Amino acid sequence: MTYLRQTSTLAASLLLFLAAGGCGAGDSSVHLTGHVTYDGQPVPRGTITFSPDGKQGNTGHGSKAIITDGAYTTQESFGLVGGPHVVRIEGFDGVANGDNLDGKLLFPPHEESYDLPMESGEYDFDIPKSTKKPR
């Protein structure tokens, strides 16, 4: 009987530990909105991908958003964890060309490290004009 009670207590403690670990601050979702510009002009169409930077200790989940007329918003259900991220931005001119509704690339995919806020809010990205030509 004592063995059964100890086993039950250990199992309950383990479940409580696992549940608490899944609800820690590192798993909080941050919802971001903002603007994306290239050489000071709004990016007509594109995508923005937020990947947690594991090299800097961020092991949370990332997110992706669509850029339309220079603005983006992460989905509430697909928020990200704040802190160090590698952000990848792809921008297009928005002029449909055959099957490609996004148009031509404005710049090579831009990838840069950012320390994103730990709370929801607005965060803008400005991509400087590159001397490289898009492929």
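A residue is called buried when its relative accessible area is under 20%, exposed when that value is over 50%, and partly exposed in between (1.4 Å probe, protein chains only). Before using that, some ground rules: this is a predicted model, so local features need pLDDT of at least 70 and side-chain atom pairs count only at pLDDT 80 or more, while totals for chains, interfaces and linings use all residues. Residues are numbered from 1 along each chain as its sequence is written, and side-chain values use heavy atoms, with hydrogens and water left out.

Start at Tyr-114, which has a relative accessible area of 16% and is therefore buried. Tyr-123 comes out at 22%, so this residue counts as partly exposed.

Now for the rings. Rings of Phe, Tyr and Trp (its six-membered ring) pair if their centres lie within 6.5 Å; planes under 30 degrees apart make a stacked pair, over 60 an edge-to-face one, and the rest are tilted. That rule gives seven aromatic pairs. In one of them, Tyr-114 and Tyr-123 have ring centres 6.3 Å apart and planes at 90 degrees, which means the pair is edge-to-face. Tyr-114 also pairs with Phe-125: here the centres are 4.9 Å apart and the planes again sit at 90 degrees, so this pair is edge-to-face too. The two partners are 11 residues apart and link distant parts of the chain, with Tyr-114 in strand S7 (residues 110-116) and Phe-125 in strand S9 (residues 125-127). Strands here are DSSP runs of E, at least two residues long, numbered from the N terminus. Both Tyr-114 and Phe-125 are buried. Zoom out and you get one aromatic cluster made of Phe-50, Tyr-72, Tyr-114, Tyr-123 and Phe-125.

Setting aside neighbours within four places in sequence, Thr-37 is in contact (heavy atoms within 4.5 Å) with Pro-42, Val-43, Phe-125, Asp-126 and Ile-127. The side chains of Thr-37 and Asp-126 are joined by a polar contact of 2.6 Å. That term covers a pair of N or O atoms within 3.5 Å; within protein, one must be able to donate a hydrogen and the other to accept it, and residues adjacent in sequence count only if both atoms are side-chain atoms.

Finally, the backbone. Most residues other than glycine have a negative phi. Asp-39, in the loop between strand S1 (32-38) and strand S2 (41-42), has a positive phi near 55 degrees. Asp-69 has a positive phi of about 50 degrees and lies in the loop between strand S4 (63-68) and strand S5 (71-73). Asp-39 is partly exposed, at 44%, whereas Asp-69, at 62%, counts as exposed.

Conventions:
Helices (H or I, at least four residues) and strands (E, at least two) are DSSP runs, numbered from the N terminus.
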